Amino acid sequence: TVRIVEGDPPLEPDTKSNITESAGIDISNTAGQEDQALKKEVARQINVHPSSIRMSEDGNTAFCESMPLNIFPVMITDRGKAKPKIEVGASFLDMETITRYGRNLLGYEQWIGEDLSRGLCERFVRHLILEDPDAFETVRGKNVLYLANHQVQIESMLFPGLLQVLTDVRMVAIADAAHKKGWMGPFNDILYDYPEVEYPSNIVYFDQSNRESMFDILENFKTMIIDEGISVFLHAEGKLGLSCRNPIEVLSSVFIDLAQDCNLPIVPVRFMGGLPVKQMESTIDFPVGYGKQDYVVGRPIFPDELKAMPYAKRRKFVIKAINHLGSPNSKEVPSKPDPDFQEKVKTWEAEKNVSEVKAVMFKVLEQLPFSPSDTTRALINAVTGEAIKTEDNNGQWLKQFADWLFRKPS
C-alpha cells in the first residue's frame, strides 16, 4: 500500500527503514495480502469460498471450515516471485483429533478397535463435508435425526463415529435385522466384548418384514432421546444401493413423525463415490474398487420448518434435501480405485479361503500407516505361526477375534 503524505522528502534514502518512515510507505499489509492471495488460490483448487480457509503459520497446511476433519497440505514453489506456484495436495483426515476424542470417550489408550477404526477411515473416507458450517453449528451438541442414502455397508460403521467427534453427542443407528446375522452383527459383538473397554451399543436392529417391531423400536428411541440425549442415524430407504446414479425415492413418514414428536432437527446426509455408474446385480460392503467416499452433511431442517408444511409434502422435502447434496446424481461417478489393495485382498481371500470382509479387515490392520497396538501386532504375528498368549482376558479375547477373522466360511 502506498500513501501520499505531507512533509519533506527523506534526507537519507539509503536504508529501507528511512524510505518507509520518511516517505510514508506502509508495507505492513504485504504479508496480509500474500496470505489472502494464498487462501484464494487454495480455495479455488478445493472449490470452496476463500473465507472458509485458514492457513497454518508457515503456509504449508490449509484447513477448511466446511471440511473440519480434513487437513490439506500446500506446496509453494518460487517463493518471492510475483506469481509463486501453489499446489494443494491430496487431503487426509485429521486422525490426531479423531483418535484423541475416541480415547477421551473410552478412557483407554490405543487398542485393536482403535487401530481398525482408524485404518478403515483412512482407507475408505476422503472428505466429511458440511454443506453449511454455520447452520451445522446451531445443532452441535444437540440430539438430531440423521437421514441418509445408502451406498456401501462400511459407511454405516464409520459415519456415526466421525460425526460424534464433531458433535460430542452419542449416535445410535437403526439397521436392518439382516445385518445382525451377517458379518456386522458378529463383528460388533466381538468388539463390544473387549475386556478393557466398555461403551454402550450404537446399533439397534429391526426386522423390515415386521412393521410392528419398528413402532416398538421408535417408542424406545423416544425414551433414549429424552433420557440419554442420543442422536439417531438411519438410511432412508433401509437398503443398499446398486448404482451411484440412483437417487433415493422412498422414506417412511414414521421417521419424520419421530423427529416431530421429539422436536429433533433432521440433518440430511449423502454418501458419494462408493458405487459404480452401471447398475450392479448385488450390493457391496466397501466402496467399489476400494476407493474413498465423501460424506456430505446438509443444512439442518428444523421441526418448525416441517411443521409449517402440509403433512404430505414433508417426506418429499426431506428426500429432495438428501438427493440435492453434493453433485447431481446424474453426474456422480465412483472414486478412484486402489488396484494394489484390491490385489492384496483378492490374494488373501484365495490363500486363506476367507470372506472379502475378513480379508479387508486383516489387510487394513496389516498395512496400518502408523505403529499398531500390541494387540494388533500379536494378531498379525499369529498369521506367521506365533501363538497367541491366552493367560489373561486380553489374550483370550484376541484368540476369539483371530478365530473369527481367519475362520473359513461354513
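Two residues are in contact when heavy atoms of theirs lie within 4.5 Å. Keep that in mind for this predicted model. Take the contacts in the chain with a separation of 6 or more: residues 24 or more positions apart account for 71% of them.

Now look at the whole chain. It holds 16 helices and twelve strands. Its C-alpha atoms fill a box of roughly 90 × 65 × 45 Å, taken along the principal axes. The chain has 410 residues, and 46% of these count as buried. What about the accessible surface? For the chain, it comes to about 21400 Å². Carbon and sulfur atoms make up 50% of that surface.

Next, zoom in on one pair of helices. Two packed helices are described by the angle between their axes and the distance between the axes. Helix 13 covers residues 339-352, and helix 14 covers residues 356-366. They pack at an angle of about 120°. Their axes are 9 Å apart.

Which residues make the contact? Helix 13 brings Phe341, Lys344, Val345, Trp348 and Glu349. Helix 14 brings Glu356, Ala359, Val360, Phe362, Lys363 and Val364. Sort the residues of this contact by class, and you find seven nonpolar and four charged residues.

Conventions. Residues numbered from 1 in each chain as written. Predicted model: local features only at pLDDT ≥ 70, side-chain atom pairs only at ≥ 80, totals over all residues. Heavy atoms only, no water. Axes fitted to C-alpha atoms, helices over the stretch in contact; angles between N-to-C directions. Helix = DSSP H or I, 4+ residues; strand = E, 2+ residues; numbered from the N terminus. Nonpolar A, V, L, I, M, F, W, Y, C, P; charged D, E, K, R; others polar. Buried < 20%, exposed > 50% of the residue type's maximum accessible area, 1.4 Å probe, protein only. Areas by Shrake-Rupley, 256 points an atom, 1.4 Å probe, with all protein chains shown as cover.
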